[in-house]
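This briefing covers a pocket, a set of strands and a few side chains. Please have the sequence and the model open while reading.

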Amino acid sequence: MATIRYGDDAFELTQDESVLDGLTRRGISIPSGCRSGICQTCMMRALHGIPPAAAQQDLTGHQRQQGCFLSCICYPQHSMLVALPDDAHARLSATVARVERLNADIMQVTLHCQADLRYRPGQFINLHRNETLSRSYSLASVPELDDGLHLHVKRIAHGKVSAWVHEELEPGQQIEIQGAMGDCYYTPDDKHQALLLVGTGSGLAPLYGIVRDALHQGHRGEIRLYHGSRGIGGLYLLDELRALQEQYANFSYFPCLSQQTLSGFRSGRAHDLALADQPDLKSWKVFLCGHPDMVNSARKKSFLAGAAFQDIHADAFVVAQ
Ligand code: FES
């Protein structure tokens, strides 16, 4: 078993125990969020020993060179001396500017970051409730169009951060964020490429940012957005998206209901309808955001429909309480 040394403490990991779980078992509090290698909140640094490649695969070359790794998915075979990174993801202060309801379950939070946060719509940031509790939220705002960072926060049953946002967060409050991270965003390398965007629930957040970013940057190719929910109450930003559809001839918006039939709405699951409407995705770029089951299924079907692997950008929302 690998020995982990942290500060003055040294202990052996048990079978199938991650570095994060081992430190938690020892009563050492390390910031964490998703616990599945996505949010990067649990990043640590190896001062001695080499982290397993799997714990470094989504990090930048610079971070890997520094010995950084994600402790929640780090299962080392050899001993390591570990520490918190000095500045791999520095926390930034932000002020809550607005908290607005988008539908019964989703709040839009607008933040003013006190440092100059460079980001693209569709990337995500970590929102910290306290020293050790954080969750990741995608950016729906476009820096060139919007005042502040916009997050769509869905209330999760027993969610420690989403309940705090829905019940306690107020304008003027100071909080901490980290980011921006992720590669689910628009790049203007081919402005004639067709774009297909499929999302469920608050998975609309990154897609709303990406669509407006692409249109703002003068994208010429077709852009088709499918947003799905079980019933009408789960959709939001309907008026804004219909207005965009009126304004831009190359943008089409399809609100989809899987358990309700209403005129003006497509009936069925968003990804099924999107793939049925576009059976040939050769040369399309695809963005998928929302529940992991939908994202995984749609990713496979998009690939089978001809989309190139590097043209499928997926952001599966990990539901953490
Ligand atoms: S990546 Fe480890 S807690 Fe999210």
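Helices (H or I, at least four residues) and strands (E, at least two) are DSSP runs, numbered from the N terminus. The model is predicted: local features need pLDDT of at least 70, side-chain atom pairs count only at pLDDT 80 or more, and totals for chains, interfaces and linings use all residues. Residues are numbered from 1 along each chain as its sequence is written, and side-chain values use heavy atoms, with hydrogens and water left out.

**Second largest pocket**

- A pocket is, on a 1 Å grid over the protein atoms alone, an open set of points where a 1.4 Å probe fits, with protein on both sides within 12 Å along at least five of seven lines; lining residues have an atom within 4 Å of a point.
- The second largest pocket holds about 850 Å³ of space, the volume being the space filled by probe spheres set on grid points that are joined across faces, edges and corners.
- Its lining has 31 residues, and D58, F124, G182, D183 and A314 lie nearest the centre.
- Two or more lining residues come from each of β11 (174-181) and β17 (312-316), and β17 gives the largest share, five residues.
- The lining divides into 14 nonpolar, 13 polar and four charged residues, where Ala, Val, Leu, Ile, Met, Phe, Trp, Tyr, Cys and Pro count as nonpolar, Asp, Glu, Lys and Arg as charged, and the others, Gly among them, as polar.

- All six residues of β16 (residues 285-290) are buried, meaning under 20% relative accessible area (1.4 Å probe, protein chains only).
- In a regular strand the side chains alternate between the two faces of the sheet.
- On one side of β16 the buried residues are K285, F287 and C289, and on the other V286, L288 and G290.
- Strand β12 (residues 195-200) runs parallel to β16, joined by five bridges; two strands pair if DSSP finds at least two bridges between them.
- G199 has C289 of β16 as its bridge partner.

**Strands β8 and β9**

- Strand β8 (residues 124-128) pairs with β9 in the antiparallel sense over five bridges, and a hairpin of five residues joins the two.
- I125 has Y137 of β9 as its bridge partner.
- Strand β9 (residues 134-138) is largely enclosed by the rest of the structure, because four of its five residues are buried.

**Individual side chains**

- Q178 is in strand β11 and is buried at 6% relative accessibility.
- The side chains of Q178 and H128 make a polar contact of 2.6 Å.
- A polar contact is a pair of N or O atoms within 3.5 Å; within protein, one must be able to donate a hydrogen and the other to accept it, and residues adjacent in sequence count only if both atoms are side-chain atoms.

Definitions and conventions. Buried means under 20% relative accessible area, exposed over 50%, partly exposed in between (1.4 Å probe, protein chains only).
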